[in-house]
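Biologist: Could you walk me through this model, with the cut-offs spelled out as we go?

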Amino acid sequence: MTGLENKLRAALRDTAGEIPADPPPLRLPPARDSARPGPVWPGRRRWIGWAAPLAAAALVLAVVAASLAVVHGGSGRTTSKPAGRAAVPPYYVALTAPAYPDVYSGNATAAEVRATATGAVLAKVVPPKPYVHFAGVTAAADHRTFVLVAEEKSHPPEEQPGEGPHPYYQPSRFYLLRFDPGTGRASLLALPAAFIPANAEVHDMALSPDGTSLAADIGRDYVGSHLIVFDLATGTERAWSFKTCASCHPSGGGLGFVGTNVDALSWTGDGKHLAFVGPNRAGWPSHSTVRLLDVTLPGSDLLANSRPVASPPPENRLSMVMWRGAIITPDGRTVVIVEEVASDGAAPIKVRDRLLKISVATGRVTVVNDLNVLAGYQYEQVMYSNATGNVLVVSGARKGKTAGILHGDRYTPIPWDRHIATAIW
Amino acid sequence: MESEELGGAAALSWTDSGWPEARGKPAADSAAAAVAALYQHHAVGLIRLAYLMLGDRAGAEDAVQDAFCGLYRHWDRLADRDRALAYVRSSVLNGCRSALRRRTTGRRLLTAYQPPTASAEAAVLGLEERQEVMRAVRRLPERQREALVLRFYLDLPEREIARLMGLRPSSVRSATARALKALGHALGEPS
């Protein structure tokens, strides 16, 4: 027990002691609602039979320009590209929150298209009403097409449908964001509301390189989630789950540090394979292996229909190793891992972040970036990879709120705003 | 911690698991009696837990009331009544999370923690130091604060904290480490 821990324990107990030992009387409601139906997940598929045409129509018609707040930032073209930035796309979308020292993506109040070279805001959108936050963002390979997930404000407890030990999730919805660099304008299109059922959360998501398919890990709990691929052209969907492993879950809740992460799900460049983190085999810890799912093949079992492509070395103690991010490079040959290693045993616990590359063919592990100590309170995120993974954009690889380009082992910082929670190229 | 909260006589006899025996009564009566007994034994501890999360007594009492009302409404659907305390503790934490989300971000972070009344003991222990620690705790991200309170106030094991927070034990360990690091930084101490 350290001095800090002792001080903390004493402060908590003293503060709790301010509450007197005579609680107010319990006021129970007059009648119980024992016939109230349970949660409907995953029976939500009922919409799909009749709503698919509507969903497709919604893609075209549900323009929400009225709720856009677009800030024009000139032509959107960047004029200078220092050598370190030449290999990175010129624009990215950042989720931002004002005056928030420890931003996490769930509280972002705006999505900003920014220039990589200067950090300048080229366009800005806010969540269309009734939504108030953007919780996550993902990008297609054209660097102009993005998908955001927007969330409503949470309801008071008495109105929450998810009462009980299950977390309550406020309603949320996907939005397609398109940026036109010629005009500097951004537009939002609402995707079908039924993509995200009531009282469920999007844990992580990834837009396919051609922008036609959206993969998302959605569920009521981290352990109850499904990996779903939505066809954005038709509104149809396919779902995979760990049928043979009840305690397994795809990525969500495991990668990142809660919230909707940009580096938890990823596509290969051909748009046929989806990388996610799951167990090596049934009964193994859910975060032990990066698996590759061929979405063109039939089946709905995440374990049976996918194959492992990267695992920690066997000598690693899994309880001490945490993968915070894992993406496959577009060429499908390399997995880039953000690994966090916590010390075992006696306090104080030390945490170390490392950026690893693992060869899919050979399993060879290369340490790209080893931080002896945690770089501030933020963990690293991999926000962009070129085809081979030799050019990455990462945040949190240096102390403070920072981001930079890793070209091989050379790090080039890029302009970064302390209000940025996460970003995607 | 739970045994510390046994003030007053229990209305019902208790099983080894801490669950009151209330068999042989009409369902609604037994449910009300059982929930009331659970409240009698654990309300203070749960209000204190919510108070540490929210920093305001009225909000803490509301969160606990809501949790027990929810338990009562869903009594018939509670699969494992030996886990009723865990259920209601989860509900309290969910209520706290919701309450925190309802507050605006700026207000939540910019408003300094102010204990309502300083007790004599608090003065002896160093009120200023405690306030400084609690201000730093309240500036932590919600999940980190939750991890610290569950570990250093309730003394819950890591596995139970993980279950309550819906995270894996390694995530809890990491959240705790990050929280202590941030706390140490805020207080000018090595974590």
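Biologist: Where is Asp155(B) placed?
Modeller: Asp155(B) sits in the loop between α7 (142–152) and α8 of chain B, where helices (H or I, at least four residues) and strands (E, at least two) are DSSP runs numbered from the N terminus. This is a predicted model, in which local features need pLDDT of at least 70 and side-chain atom pairs count only at pLDDT 80 or more, while totals for chains, interfaces and linings use all residues. Residues are numbered from 1 along each chain as its sequence is written, and chains are lettered from A and ligands numbered from 1 in the order in which they are written.

Biologist: What is phi of Asp155(B) near, and is Asp155(B) buried or exposed?
Modeller: Phi of Asp155(B) is near 55°, a positive value in a residue other than glycine. Asp155(B) counts as exposed because it has 10 C-beta neighbours inside 10 Å; a residue is buried if 20 or more other C-beta atoms, placed from the backbone, lie within 10 Å of its own, exposed if 12 or fewer, and partly exposed in between.

Biologist: OK, and which residues of α8 in chain B are buried?
Modeller: In that helix, residues 158–165, the buried ones are Ile161(B), Ala162(B), Leu164(B) and Met165(B). Down the axis of α8(B) its buried residues fall within an arc of 165°, so they line one face of the helix, the arc being that of the directions from the helix axis to the C-beta atoms. Just after α8(B) comes Gly166(B), with a positive phi of about 70°.

Biologist: At what angle do α7(B) and α8(B) pack?
Modeller: They pack at about 140°, with their axes 10 Å apart; axes are lines fitted to C-alpha atoms, for helices over the stretch in contact, and angles run from 0 to 180 degrees between N-to-C directions. The two helices α7(B) and α8(B) are therefore oblique to each other, given that angles under 35 degrees count as roughly parallel, over 145 as roughly antiparallel, 65 to 115 as roughly perpendicular and the rest as oblique.

Biologist: Which residues make that contact?
Modeller: From α7(B) they are Arg143(B), Glu146(B), Ala147(B), Leu150(B) and Arg151(B), and from α8(B) they are Ile161(B), Leu164(B) and Met165(B), where contact requires C-beta atoms, placed from the backbone, to lie within 7 Å.

Biologist: What about α7(B) and α1 of chain A, how do they cross?
Modeller: The axes of α1 (residues 3–16) of chain A and α7(B) come within 10 Å and cross at roughly 85°, which makes α1(A) roughly perpendicular to α7(B). Glu5(A), Leu8(A), Arg9(A) and Leu12(A) of α1(A) make the contact with Leu148(B), Val149(B) and Phe152(B) of α7(B).

Biologist: Switching to chain A, how many helices and strands are there?
Modeller: Chain A has two helices and 24 strands, and 46% of its 425 residues count as buried.

Biologist: Which peptide bond is cis?
Modeller: The bond from Lys129(A) to Pro130(A) is cis, with omega near 10°, and Pro130(A) lies in the loop between β3 (121–125) and β4 (131–139) of chain A.

Biologist: And His143(A), buried or exposed?
Modeller: His143(A) counts as buried because it has 20 C-beta neighbours inside 10 Å. This residue, His143(A), is in the loop between β4 and β5 (145–152) of chain A, and its phi is near 65°, a positive value in a residue other than glycine.

Terms used
Contact = placed C-beta atoms within 7 Å.
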